[in-house]
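Trainee: Could we take a close look at one part of this model together? I'd like to go through it slowly.

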Amino acid sequence: MSSAGINRRSVITEQVAPWSEIPQLLRGGEAGTLVPVIIPRHRQKLWWMLPLWAGLFALLSGVMLTVQGGGGGAAALAYGSLAVTAYVAGVVLVLGGALWWWRSSIVEIEQGTNGILTRYGAISRTLDPGRHYLWHPWSRVDFVVDTATEIPYSAPVVACPTHENVPLRAIEFFLKFRITDAVLFVRTIGAGNFDLVLSAAVQDAIRQRGRMVHTERAYDLRGSDVHDMQELLTRQLSRYGVRITGCNIPDVQLPAQYQQHLATRERVAKEATAYEQEWGLTRKRRIDSLQMDIERAKKVRDARIVEVKAALNKAREDVAQLLEEQETDAQKVRFEIETRGRSGLISAENEARAQRRLAQAYRDNRAVLQYELARRRLEVGAQLAGNAPQPVVVRTDGANGGGDTSALSTLLTAQLLPSMQGLPNGNGAAPRGGGNGGRAAAKAAQAAVDAAAQLND
């Protein structure tokens, strides 16, 4: 940036101009100046009163001439003619003065501005945009203030020190403000003094901000957030009826030596960035290659996992089939064992049933045998009683007087009878009595002993 550009700053001023030039000055100003306040140049004075007074004088003169020409003759005619002339001149002058008064009382306020009306030099009120009629002879619009336009203002700060006390070449500060109270602005400070106050306030705010920034980060001020500065300036300028609507820092200029240093740093930073980008590309290629290898390994691993899963499923199927076969065999063996067990159980039950029946039969046969034994006993007794040469009575009464008819007693009786009747003994001697009877008795005794033995079995 050139020195002229660095030192360029806006100038706020007020100008005196006719009503026809007010729109042009409010919109652009002259030679880069900002003109928010214009003092209208009033061409109309009190000249419109001259024809009014002259007309009134002519009318009074006509009245006087009419009174003087009350008689007859040429004098009356002359006074009459002068009176008519005075009346006509008075009416024309009065109408001309009234028209001049009406025309000079018209005031047109430009859109977006406010006019300040004064009467006898004192501020009376403000006039809104549009046409107004000032009938009072001493009422006039002394100021036209722009209250709608946001006025741009540029204020560069030269040699602003940083946190390290390094003076920056320049800091350009740009703001926009708007006049909110025209009467307060004109009565309190005015446009010329406001330029000085605003410039000082901006200088102070920028220098405070510059003291907070390190030199190496001075370029960070470009486009930085200056909302706090805007609030500070608004608080300072609100007493003058002005509000700051926006501000920013568009440019910062560093010292030449430090700028070269920053240029070197930027060049080194760019080279580092280029190296980083190159290394990033190399790293990306390597990462892509590794990812391809990883994907390939994943595919091989997935294929092997599929094979292993297939083999595992095959093994599981084989094991399941083997288990089914073994379970079938075990089921067969279990069924065979159960069948054998059931067969053995049935056989055992049948055998037990047969044994029970046999035992029952034995019990039934024992009764029969007892009956047969008793019958044979009777038969033997009968035979013995019939064949014996003499009766022998054997008393076997016990202490209680009961009879003993058991097999043992019968056996003993059969053993003793031959000896008592002379039958052959163990030495082969023949008994004394008849031989047929002894032999029959012996046979009967032997039959009784065999029956007793079977019964005991």
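Which residue is the bridge partner of T113 in β7?

Mentor: Happy to! T113 has D146 as its bridge partner in β7. Before going further, keep in mind that this is a predicted model: local features need pLDDT of at least 70, side-chain atom pairs count only at pLDDT 80 or more, and totals for chains, interfaces and linings use all residues. Residues are numbered from 1 along each chain as its sequence is written, and side-chain values use heavy atoms, with hydrogens and water left out.

Strands here are DSSP runs of E with at least two residues, helices are runs of H or I with at least four, and both are numbered from the N terminus. Strand β7 covers residues 139–146, and seven of its eight residues are buried, meaning under 20% relative accessible area with a 1.4 Å probe, protein chains only. β7 runs antiparallel to β4, joined by seven bridges. β7 also pairs with β2 in the antiparallel sense, over two bridges; there V37 has V145 as its partner in β7. Two strands count as paired if DSSP finds at least two bridges between them.

Now step back to the whole sheet. It is open, with five strands in the order β1-β2-β7-β4-β5 and mixed pairing. β1 (11–17) and β5 (122–127) stand at the edges with a single partner strand each, so one side of each has no neighbour in the sheet. From one strand to the next, the twist averages 25 degrees. At the β5 end, β4 (residues 113–119) and β5 run antiparallel with five bridges, and I116 is bridged to T126 in β5.

Helix α6 packs on this sheet, touching β1 and β2 (33–40), and its direction makes about 175 degrees with that of β1. Contact means heavy atoms within 4.5 Å, and angles run from 0 to 180 degrees between N-to-C directions, along axes fitted to C-alpha atoms, for helices over the stretch in contact.

Finally, the cores. A nonpolar core is a set of buried Ala, Val, Leu, Ile, Met, Phe, Trp, Tyr and Cys residues joined through side-chain atoms within 4.5 Å. The largest one has 43 residues, and F194, L198 and I206 are among those touching the most other members. β2 and β7 are among the elements that each supply at least two residues of this core, while α6 gives the most, with seven residues. A second, separate core of 13 residues includes A17, L25, V35 and V141.

Terms used
Buried means under 20% relative accessible area, exposed over 50%, partly exposed in between (1.4 Å probe, protein chains only).
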